Structure formats: C-alpha cells, structure tokens
Amino acid sequence: MKPPSTGRERILREAIRLFAERGYDRTSVPDIQEAAGLSRGSGALYKHFVSKEALLVAAIERFVGEARDGRAELGDMMLTVDKGSRRLVEGMLERLGANRDVLRILWRDLEHFPELKILARGEIMRSTYLAVSAWLADQQRQGCLRPHDSEATAAVIVGSVAMFRVFEAVWGERAIDISDERFASAWSDLLEGLRV
C-alpha cells in the first residue's frame, strides 16, 4: 500500500487539531485548508479527502488501527506479571497520550456519526477490555495470578487508564498531578496483589 502523501498527512493533522479545539461542526473546510497551508477557497483538500466527514473518518480509523496494534503487542507479550502489567499500562498511556486530540473528538463530536461511534466503542474500548481480560485470564491459567474476575479487573484497568487520559484531553490538564510513571507503577503494584 502506498504511504500517504505529505499534503494528505498535513491536512489530516490540522483537521484533527481544529476538530479538537473548535469542534467538528464549528470547523469549516476553508479553515482546515488554511491551517494546512493551502488557500482557503482552493478546494485543494478535496484532492486528498472527498469531504470533511472523510477527514473525521480517517482520524478515527487511524486511532482504531493504533488500538489494534496495541492489542497485537499485548497478545505477543511474554513477560512476567509485574513487567507485563507495567508495560500494558505504559503502552495504553502512550497510545492515548499520542491521541489526545482524537480523544477530545471522540468524547464530544460523535453523536451525529453513529457508525463511527460504534466503531470507536467496539474497536477501541470493547476490544481492548477483552484483550486485557484474556491476558489476565491467561496469566491466571498459567498460575501467575490467583483466581479473580478477569473481565472486571480488565474493566477497572482499561477504564481508569482511559479516563486518566480523557480527563487530561478534555480539560487540557491532569485532574491530579501524577506522572505517567507513577500511574503505571501504581497499577503494577495493584496487580501484584493478584500474584500467587
């Protein structure tokens, strides 16, 4: 597959930034073109994307792809529980942190795009919950973790990591001054309580 052009990437990057700052509805195609270094009324955006909505779809699909990559890495992870749990949380924090603008868009702008909302909910959150649950259950089967409710534990892990980043993205600052390192260490410590 041919890599995206620089112009396409610049347009997408600026569209994501503007959607996050202003909201999808308050961002116009001329605004995006201008931010991407194109003439406001040139229509040059349409050489790369058929519509403003196509930009939104591309942004969500990219985030979905990154979430899939993260789940694939989780499935390949052959680490002890302590190192694995830390890597799991650090990876989630990293991916979500790199997508702060998309998180703002997901949080605020998908009501009028039910298919995208379903895609985001299913591929980003639900599938991540299930992947973490499967990893925890596998660790339990291997005798590394004591018996526990893997699905509920995954919901607590994924939900807390997601909301840590969502609040930061929506409010523009952290709700509490805790570094990613401290957050990941705390999660690793909590999962230590499940070790055999």
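Are Tyr24 and Phe113 buried or exposed? Both are buried, where buried means under 20% relative accessible area, exposed over 50% and partly exposed in between, with a 1.4 Å probe and protein chains only. The model is a predicted one: local features need pLDDT of at least 70, side-chain atom pairs count only at pLDDT 80 or more, and totals for chains, interfaces and linings use all residues. Residues are numbered from 1 along each chain as its sequence is written, and side-chain values use heavy atoms, with hydrogens and water left out.

**View 1. Phe19, Tyr24 and Phe113 are linked into a cluster by ring pairs.** Rings of Phe, Tyr and Trp (its six-membered ring) pair if their centres lie within 6.5 Å; planes under 30 degrees apart are stacked, over 60 edge-to-face and the rest tilted. The structure has 4 aromatic pairs. In one of them, Phe19 and Tyr24 sit with ring centres 5.1 Å apart and planes at 55 degrees, so this pair is tilted. Phe19 comes in at 0% relative accessibility and counts as buried, while buried Tyr24 has 8%.

View 2. Tyr24 is in the loop between helix H1 (6-22) and helix H2 (29-35), and Phe113 in the loop between helix H5 (100-109) and helix H6 (114-141), so the pair ties together parts 89 residues apart in sequence. Helices are DSSP runs (H or I, at least four residues), numbered from the N terminus.

**View 3. Lys52 lies over the face of Tyr24.** The distance from the ring centre is 4.2 Å. A charge sits over a ring if NZ of Lys or CZ of Arg is within 6 Å of the ring centre and within 35 degrees of the ring normal.

**View 4. Helices H4 (residues 81-98) and H7 (residues 150-171) pack at about 35 degrees, axes 10 Å apart.** Axes are lines fitted to C-alpha atoms over the stretch in contact, and angles run from 0 to 180 degrees between N-to-C directions. The crossing is right-handed, meaning the near helix is turned clockwise from the far one by less than a right angle. Contact (heavy atoms within 4.5 Å) involves residues including Leu88, Met92 and Leu96 of H4 and Ile157, Val161 and Phe164 of H7.

**View 5. Leu136 lies in helix H6.** With a relative accessible area of 0%, Leu136 is buried. Leaving out residues up to four places away in sequence, Leu136 touches Leu145, His148, Ser150, Thr153, Ala154, Ile157 and Leu191.

Note on methods. Helix = DSSP H or I, 4+ residues; strand = E, 2+ residues; numbered from the N terminus.
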